[in-house]
Amino acid sequence: MITYVAPLWVGIIVGFIIGAAAEAWGIGNPETLIRLAKWEDRLFVDCILLGVAVSTPVMFGLYALGIGFHWSPKPLYVIGVGLGGILFGIGLAIAGYFPGSTWMALGEGRRDAIYAILGGLVGAAAWTALFQTSAGQWLVNTLNFGSVIIGATHPSGKEYLIPWGNLTPVDLFLISLVYSAIFFTVAYYLPRYKGGTHSCLRGTLKGQMNDVEKAKRLDTAMYLTYGGLPYEEKSIAKKLNEYWAVESNVTRYYMVSVGAIVGLTVVAEMFMHQIFGESTTYSWMAGALFLPNFKYSQIVFKGIGWEPFSDIGTLLGSFFAAVFLTRRFTAFRKNIPPSWEKRFGNNEAIRALGSFGGTALMMFGARMAGGCASGHILSGALQMSISGLEFGVMVMIAMIITAKLVYRG
């Protein structure tokens, strides 16, 4: 089996690529994720679906050919993962942030990202404190089935999988093809914008937009560029902001390319060192700053990989894209997400509280579940991880219900 271990600093390059690509999508803007929670703009879901559908068969195909990966599906402890997903979804809907997007937002020069990062540290510290109690141990040990994916079990620290029954790596590849087809099918029937008629794949054949989609594209371009840097009429920024990033049909070449780049970058990352995850950095920082002698901190110190490097790369990649490509850099000026402002007004203190509190709750849920949107949903889905699928479903349910209650829409 062919294996490789890259030095930790390579994580900066990986994070840079993903941070720049996601910033171009608009994921660093909290309004994008608030609208996802309101189920008004499903861009993030559509692109995850496409990225996983493209990349999962590639990874399992390479594995069947003898390429070893640094697999790391999160353990399936059903209660803790499910409850963590619920808390994550509630916090995401309130703050408009998940762990990786806080660094993207900081790269875009968003002031409320500072409060989000501080909230993330508090949430990570809270789980560190709870972990060594009887309640914390019950959450991670009850109904714990270990690290399992569809069709196989992963022995901790190994670069191979143990297939169930008489399955082989080729069988896992065939399963991944069916899995990929399911993801494509969901994308096929899911329009990006609420009220839109374009589903991801069907829209490619028609090339038409209804009035709702035209209005959504214009509105999306306005909130993505609000408070940002000026750009010229024939610039790449104009194409990104007014055509590509607001595209209602996410299977146009730009969206597919970005989705494939993100997914295949995660595959390359798993070959080189480890999965892509960004919430562990918060536990590492919280442990080093506040709780160095706690059991969970010791576990994190021992197991930390290139997460801090990839988070630095995510920040730098977002900054690069926001300054030189999309021109969305806001220089930390006042910038309240429109959905938040419509519901709560433009008071910065209230927004700071929402950003801090929502991210704290989101991070607490992420660490309880053992992963976040990057480690559980993106990396987990690529590995066909059962815990990642459970986490993703619970996040979706919780964030949609929360957004209904909080934003009354």
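The model is predicted, so local features need pLDDT of at least 70 and side-chain atom pairs count only at pLDDT 80 or more, while totals for chains, interfaces and linings use all residues. Residues are numbered from 1 along each chain as its sequence is written, and side-chain values use heavy atoms, with hydrogens and water left out.

**How two pairs of helices pack**

- Helices (H or I, at least four residues) and strands (E, at least two) are DSSP runs, numbered from the N terminus.
- Two packed helices are described by the angle between their axes and the distance between the axes.
- Axes here are lines fitted to C-alpha atoms, for helices over the stretch in contact, and angles run from 0 to 180 degrees between N-to-C directions.
- Start with helix α1 (residues 10–25) and helix α15 (residues 307–325): their axes come within 6 Å and cross at roughly 40 degrees.
- That makes α1 oblique to α15; angles under 35 degrees count as roughly parallel, over 145 as roughly antiparallel, 65 to 115 as roughly perpendicular and the rest as oblique.
- The crossing of α1 and α15 is right-handed, and a crossing gets that label if the near helix is turned clockwise from the far one by less than a right angle, or left-handed if anticlockwise.
- On the α1 side, the contact (heavy atoms within 4.5 Å) includes Gly-11, Gly-15 and Gly-19, while the α15 side includes Phe-309, Gly-313, Gly-317 and Ala-321.
- Sort the residues of this contact by class and you get eight nonpolar, eight polar and one charged.
- For that sorting, Ala, Val, Leu, Ile, Met, Phe, Trp, Tyr, Cys and Pro count as nonpolar, Asp, Glu, Lys and Arg as charged, and the others, Gly among them, as polar.
- Now look at α3 and α18, which pack at about 40 degrees with their axes 7 Å apart, and they are therefore oblique to each other.
- Among the residues making this contact are Ile-48, Val-52 and Phe-60 of α3, plus Ile-377 and Leu-382 of α18.
- The contact of α3 with α18 has eight nonpolar, three polar and no charged residues.

**The nonpolar cores**

- In soluble globular proteins, nonpolar side chains tend to be buried together.
- A nonpolar core is a set of buried Ala, Val, Leu, Ile, Met, Phe, Trp, Tyr and Cys residues joined through side-chain atoms within 4.5 Å.
- Buried means under 20% relative accessible area, exposed over 50%, and partly exposed in between (1.4 Å probe, protein chains only).
- The largest core has 98 residues, and Trp-25 and Phe-88 have the most contacts inside it.
- Helix α3 (residues 43–64) gives this core its largest share, 12 residues.
- Apart from it lies another core of five residues, including Tyr-97 and Ala-105.
- Skip the neighbours within four places in sequence, and Phe-88 is in contact with residues including Phe-98, Pro-99, Met-362 and Phe-391.

- Most residues other than glycine have a negative phi, and most peptide bonds are trans.
- Trp-39 is not a glycine, yet its phi is positive, about 60 degrees.
- You'll find Trp-39 in the loop between α2 (30–37) and α3, partly exposed at a relative accessible area of 23%.
- Met-384 also isn't a glycine and has a positive phi of about 60 degrees.
- Met-384 is in the loop between α18 (373–382) and α19 (386–407), and counts as buried at 0% relative accessibility.

- Arg-35 is in helix α2 and is buried, with a relative accessible area of 7%.
- Beyond its neighbours within four places in sequence, Arg-35 is in contact with Glu-40, Asp-41, Asp-219, Thr-220, Tyr-223 and Ser-339.
- Val-14, in helix α1, counts as buried at 4% relative accessibility.
- Val-14 and Ala-321 are 307 residues apart in sequence and 15 Å apart in space, C-alpha to C-alpha.
- Ser-279 lies in the loop between α12 (253–272) and α13, and is buried at 2% relative accessibility.
- Thr-280 is in helix α13 (residues 280–289), and at 14% relative accessibility it counts as buried.
- Not counting residues up to four places away in sequence, Thr-280 touches Val-300, Ile-304, Glu-307 and Arg-367.
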